[in-house]
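Morning, everyone. I have one structure to walk through today, and I will keep it short. Please look at the screen.

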Amino acid sequence: MKLTLRDFQHVSNRVPMLADLKPSGKYLMEDLSALGGVPAVMKTLLNEKLLTGDLLTVTGKTVEENLTSVAALDEEQDLLRPFSNPIKADGHIQILYGNLAPEGAVAKITGKEGTKFVGPASVFDSEEELNEGLTQGKVEAGQVVIIRYVGPKGGPGMPEMLKPTSAIIGAGLGDKVALVTDGRFSGGTHGFVIGHVCPEAYDGGPIALVRNGDQVVLDAANNTISVLVEEDEMTARRAQWTPPAEKAPRGVLRKYIRTVGSASEGCITDS
């Protein structure tokens with residue numbers, strides 16, 4: 001089956017955001033449990049004809065039979081909004097395109113952070129650089145923070161950007177800056193964040209050419225991500241750009257190299 005980024009946007013366009021749950025929302029899973037938990041959500045969805053009730057389950061009964069004695073979420077609670085009054089009419093996953101991400105980027109927009117952010121770029125070539133920049137006051141309110149060379153090849157392995165976002169929140173800037181990266185985010189990240197920028201910086205994508213102070217426009221309403229730099233200037237910067245040196249693999253693979261590298265010279269070079 002052919003699956004593209006545009007397919008995810010198509011789904012997001014028609015699926016409303018209903019649950020007011022952390023990290024971006026108000027409630028915890030503990031609060032949902034007190035209201036009846038996942039079975040109550042399932043019953044609510046079944047009543048809305050969004051679950052297939054006659055499917056057999058591991059209990060030997062169908063989905064609908066399992067939920068016979070379960071109460072749907074009542075109208076008094078506001079953890080799960082009704083379809084007539086969603087938190088956001090479409091999904092929180094938005095696919096953006098533009099001269100900063102010609103092949104697409106993925107934004108997590110819940111609506112609470114707004115749908116547009118414009119500001120000067122503050123550029124870092126690793127998450128470690130960002131952490132150091134935060135301690136040195138290089139990140140200020142209103143900026144678009146860019147962390148690059150952390151994509152699948154640049155990482156390598158596309159490390160999760162939860163630590164940088166946590167550091168930004170810890171510095172009191174969580175709702176005051178946007179974050180753009182060719183790396184990835186986890187479900188624990190919130191704020192105006194955009195990841196998976198393609199092509200990644202390691203491959204010479206436009207994100208590699210952005211400089212401090214460049215004006216960046218992020219528009220999740222129109223699904224665009226742009227840097228306001230003339231094409232001639234970007235072409236000149238590309239002529240000056242050189243690919244970065246390869247980084248050593250992380251974690252277990254690095255340990256593996258230390259352990260067997262000398263005994264098996266070159267055995268994992270292609271890995």
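First, a definition: buried means under 20% relative accessible area, exposed means over 50%, and partly exposed is in between, with a 1.4 Å probe and protein chains only. Now the ground rules. This is a predicted model, where local features need pLDDT of at least 70, side-chain atom pairs count only at pLDDT 80 or more, and totals for chains, interfaces and linings use all residues. Residues are numbered from 1 along each chain as its sequence is written, and side-chain values use heavy atoms, with hydrogens and water left out.

Start with strand S7, residues 215–219. Strands here are DSSP runs of E, at least two residues, and helices are runs of H or I, at least four, numbered from the N terminus. Why is S7 largely enclosed by the rest of the structure? Because four of its five residues are buried.

Next, the neighbours of S7. Two strands pair if DSSP finds at least two bridges between them. Strand S3, residues 116–124, is joined to S7 by five bridges, and the two run antiparallel. Look for Gly119, opposite Val216 in S7. Strand S8, residues 224–227, is also antiparallel to S7, with four bridges. There, Val217 faces Ser226 in S8. The S7 and S8 hairpin has four residues between the strands, and Asn223 takes a positive phi near 55 degrees.

Now the inside. A nonpolar core is a set of buried Ala, Val, Leu, Ile, Met, Phe, Trp, Tyr and Cys residues joined through side-chain atoms within 4.5 Å. The largest one has 29 residues. Which members touch the most others? Val144, Ile146, Val180, Ile194, Leu218 and Ile225. At least two residues of this core come from each of these strands: S2 (101–108), S3, S4 (144–147), S5 (178–181), S6 (192–195), S7 and S8. Take Val144.

On to charges. A salt bridge is a side-chain nitrogen of Lys or Arg within 4 Å of a carboxyl oxygen of Asp or Glu. By this rule the count is seven. One of them pairs Asp175 with Lys176, closest N and O atoms 3.2 Å apart. Asp175 is exposed, at 66% relative accessibility. Lys176 is partly exposed, at 40%.

Glu233 has two partners to show you. With Arg211, the N to O distance is 3.9 Å. That pair links distant parts of the chain: Glu233 is in helix H7 (residues 231–240), and Arg211 is in the loop between S6 and S7, 22 residues apart. Glu233 is partly exposed at 33%, and Arg211 is partly exposed at 39%. With Arg237, the closest N and O atoms of Glu233 are 2.9 Å apart. Those two both lie in helix H7, four residues apart, about one turn. Is Arg237 buried or exposed? Buried, at 9% relative accessibility. Through shared partners, salt bridges join Arg211, Asp214, Glu233 and Arg237 into one network.

Last stop, helix H3, residues 37–47, where Met42 sits. Met42 is partly exposed, at 31% relative accessibility. That is my tour.
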